[in-house]
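Visitor: Hi! I have a structure open here and would like to talk it through with you. Could we start with the contacts along the chain?

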Amino acid sequence: MTGQSDKTMTADEVAGRLRSGMTVGIGGWGSRRKPMALVRALLRSEVTDLTVVSYGGPDVGLLAAAGKIAKLVTPFVTLDSIPLEPHYRAARESGAFPLTELDEAMFMWGLHAAANRLPFLPVRAGLGSDVMRVNPELRTVTSPYADGEEFVAVPALRMDAALVHLNRADRHGNAQYLGPDPYFDDLFCEAADTAYVSCEQLVETAELSKAGPPQSLLVSRHSVTGVVETPNGAHFTSCAPDYGRDEAFQKLYAATPWPEFAGRFLSGGSEHAYQSAVQAWHEEQK
């Protein structure tokens, strides 16, 4: 195809486009298909004071431990096989940043509202729950029709930038998931002013249609600013069907004091250094 721009860049170039104080959305779900290589690039940068919007996993834990988060908007922060993300828990217990904790459905409709350039969307989720008590800034609206029903007015989760990880992508920003769940990555991209897609493999556009059905073509180039090819870029989260979660390494992450973990695995200055450090650790366990 002609007339399309090449949007490929490196993970560090993505981080270089972000600025302190931004609102950054991170795709994936818990410890599943998180754009971890992009998060690690963000850790290597000077960017801080971020409002993070995420179905949280180790992305939130890493950024919290590194002191990069000024505010968090999330329905949960989990490692899936380890129920509560330990570095997030430590940050919350110390009062490191304020939290907006939404019901999962409310969070989804906040993404929908932002993607459709609406200020809010009315939803039933949250009514009669403590979500309204712990988020006193939330408002309700009344249907203008005969039913007169009351709804929660979920505000749009508008973001300056979104980071997502997909299985395959082309140079123009079309991206495909091949696993069992899209995890709302398309909404993150459409709800943000800029969106950066990392992928396991960069392929020609025609190859995308051969790898999966049309509905697997989740992210369209019109909503993508940059594309990064970074094999194993979701590690240590899963990226089905390319690989599962690295459970042994995740247990190490959860049990290791942050300075020790960061010193061994995150101080090398590049994604290659991180992957090499992980491989060396696995060799030690044999």
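Visitor: Of the contacts between residues at least 6 apart in sequence, what share join residues at least 24 apart?
Guide: That share is 74% in the protein chain. Keep in mind that this is a predicted model.

Visitor: Good to know. How many helices and strands are there in the chain?
Guide: The protein chain has 11 helices and 11 strands.

Visitor: And why call it as compact as a globular protein of that length?
Guide: Its radius of gyration is 19 Å, and the globule rule gives 19 Å for 286 residues, so the chain is as compact as a globular protein of that length. Along the principal axes, the C-alpha trace spans about 65 × 50 × 30 Å.

Visitor: What percentage of the residues is buried?
Guide: Buried residues account for 53% of the 286 in the protein chain.

Visitor: Switching to helix packing: at what angle do α3 and α4 cross?
Guide: Roughly 50°, with the axes of α3 (residues 58-65) and α4 (residues 86-93) coming within 7 Å. Because of that angle, α3 counts as oblique to α4.

Visitor: Left-handed or right-handed?
Guide: The crossing of α3 and α4 is left-handed.

Visitor: Which residues meet there?
Guide: From α3 you have Val60, Gly61, Ala64 and Ala65, and they meet His87, Tyr88 and Ala91 of α4.

Visitor: How do those divide into nonpolar, polar and charged?
Guide: The contact of α3 with α4 has 5 nonpolar residues, 2 polar ones and no charged ones.

Terms used: Residues numbered from 1 in each chain as written. Predicted model: local features only at pLDDT ≥ 70, side-chain atom pairs only at ≥ 80, totals over all residues. Heavy atoms only, no water. Axes fitted to C-alpha atoms, helices over the stretch in contact; angles between N-to-C directions. Helix = DSSP H or I, 4+ residues; strand = E, 2+ residues; numbered from the N terminus. Parallel < 35°, antiparallel > 145°, perpendicular 65-115°, else oblique. Left-handed = near helix turned anticlockwise from the far one by under 90°. Contact = heavy atoms within 4.5 Å. Nonpolar A, V, L, I, M, F, W, Y, C, P; charged D, E, K, R; others polar. Rg over C-alpha atoms; globule rule 2.2 N^0.38 Å. Buried < 20%, exposed > 50% of the residue type's maximum accessible area, 1.4 Å probe, protein only.
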